[in-house]
Amino acid sequence: MPRFITTTYACLENRGTHKAVETVEKYLRIYKRNYGDFWILKCDIKKFFYNIDPEILLRIIKKFVKDKKLYNFTKLLIYDGREPNEKVGIPIGNYTSQYFANIYLNELDQYVKRELHIKYYVRYMDDFIFLLKTKNECIELKKKVSNFLEKNLHLELNNKSRYYPYKMGVNFCGYRIFTTHRLLRNSSKKKIFRKVKAWNYLFRKNKLDLSHSLQSLYSWLGHASHCNSYKLTKKVLNSCNFIYNDSYMKYIESSLINDIEENKSH
């Protein structure tokens, strides 16, 4: 299989969303310290999984898989019962498809590193960012990346792909990342308060599935613990009318504080 660059994430051991976020935050700080003001080019792929060309993917895999039986089995997974002439997309939802998609965009990673020699580049699946000194560099790089994707991988950049000054921060892997701190994305804040409102309504009607609700709440708290969110999480917890036991509330808050302190130490 391809040798992935060190700053690509997803479907790789010890390279999940939080590691990707840590790398972006580290790069922002290094760039600011070394170069002062700078620009961010943030890109993603238009309908990525739907537009992966299976024939191109198989050509890439064939460079690394010499065992004929393994190659034929891989081909079955990619086409998933479709005819070889059906060239649109790969099956969505399978772990293998996510891994294949990462292999597909490894071609972009190698181009960025080996031909363009871009140092500050991070990719998580089809979401990737570059740190550059000027706006003009962003404009030129965006053109080169777009041309490479269209010519070599039959992919297009999403219209949301754009460049902007670093002070605006980076929306990446569920967080808003700045040189000095990271926050939750606004969409995550709105979503949790909508959930709390629904949970409180069901609680008043005596219809709340407490176990399921707490599981969802814990998941959000775990996500929030990886950024500057103490006041926000306190507000969320205080809004949960179904958490009516003071000692239980203190236990959750204590666990949250420990998580935040542990993440700071890393």
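1. Salt-bridge network. E25, R29 and R182 are joined in a network of salt bridges, a salt bridge being a side-chain nitrogen of Lys or Arg within 4 Å of a carboxyl oxygen of Asp or Glu. The structure contains eight salt bridges. Side chains of opposite charge can pair when their charged atoms come close.

2. Basis of the values. This is a predicted model, in which local features need pLDDT of at least 70, side-chain atom pairs count only at pLDDT 80 or more, and totals for chains, interfaces and linings use all residues. Residues are numbered from 1 along each chain as its sequence is written, and side-chain values use heavy atoms, with hydrogens and water left out.

3. Overall composition. The protein chain has ten helices and eight strands; helices (H or I, at least four residues) and strands (E, at least two) are DSSP runs, numbered from the N terminus. Of its 266 residues, 45% count as buried, where buried means under 20% relative accessible area, exposed over 50%, and partly exposed in between (1.4 Å probe, protein chains only). The accessible surface of the protein chain is about 15400 Å², and carbon and sulfur atoms account for 49% of that area; accessible areas come from the Shrake-Rupley method with a 1.4 Å probe, and for residues only the protein chains shown count as cover. Among contacts in the protein chain with a separation of 6 or more, 70% are between residues 24 or more positions apart, contact meaning heavy atoms within 4.5 Å.

4. Individual salt bridges. K42 and D127 form a salt bridge, with an N to O distance of 3.0 Å. This pair links distant parts of the chain, since K42 belongs to strand β2 (residues 39-44) and D127 to strand β4 (residues 127-132), 85 residues apart. Both K42 and D127 are buried. A salt bridge also connects K63 and E107, at 3.7 Å from N to O. K63 is in the loop between α3 (54-62) and α4 (68-79), whereas E107 is in helix α5 (residues 95-115), so the pair ties together parts 44 residues apart in sequence. K63 is partly exposed, because its relative accessibility is 46%. In the salt bridge between K32 and D37, the closest N and O atoms are 3.2 Å apart; K32 is likewise partly exposed, at 32% relative accessibility.

5. Nonpolar cores. Which residues touch the most other members of the largest nonpolar core? They are F48, L108, F128, F130 and L149, in a core of 44 residues; a nonpolar core is a set of buried Ala, Val, Leu, Ile, Met, Phe, Trp, Tyr and Cys residues joined through side-chain atoms within 4.5 Å. At least two residues of this core come from each of β2, α2 (48-51), α3, α4, α5, β4 and α6 (135-153). Helix α5 gives the most, with eight residues. Leaving aside neighbours within four places in sequence, F130 is in contact with W39, I40, L41, C43, V112, I118, Y120, Y121, L141 and V145. Another core, of 38 residues, lies apart from the largest one and includes Y27, L208, W220 and I243. In soluble globular proteins, nonpolar side chains tend to be buried together.

6. Helix α9. In helix α9 (residues 230-239), the residues L232, T233, V236 and L237 are buried. Viewed down the axis of α9, the buried residues fall within an arc of 130°, so they line one face of the helix; the arc is that of the directions from the helix axis to the C-beta atoms. K231, K235 and N238 are exposed on the other side of α9.

7. Cysteines. The count of disulfides is zero, a disulfide being a pair of cysteine sulfur atoms within 2.5 Å. C11 is buried, at 17% relative accessibility, and C240 is buried with a relative accessible area of 2%.

8. Positive phi values. Most residues other than glycine have a negative phi, and most peptide bonds are trans. N14, which is not a glycine, has a positive phi near 60°. N14 is placed in the loop between β1 (8-9) and α1 (17-35) and is exposed, at 63% relative accessibility. M125 has a positive phi of about 55°. M125 lies in the loop between β3 (121-124) and β4 and counts as buried, at 8% relative accessibility.

9. Surroundings of A10. A10 is in the loop between β1 and α1 and is buried, at 3% relative accessibility. Not counting residues up to four places away in sequence, A10 touches R15, N102, Y124 and M125. A10 and R123, 113 residues apart in sequence, are 8.7 Å apart in space from C-alpha to C-alpha.
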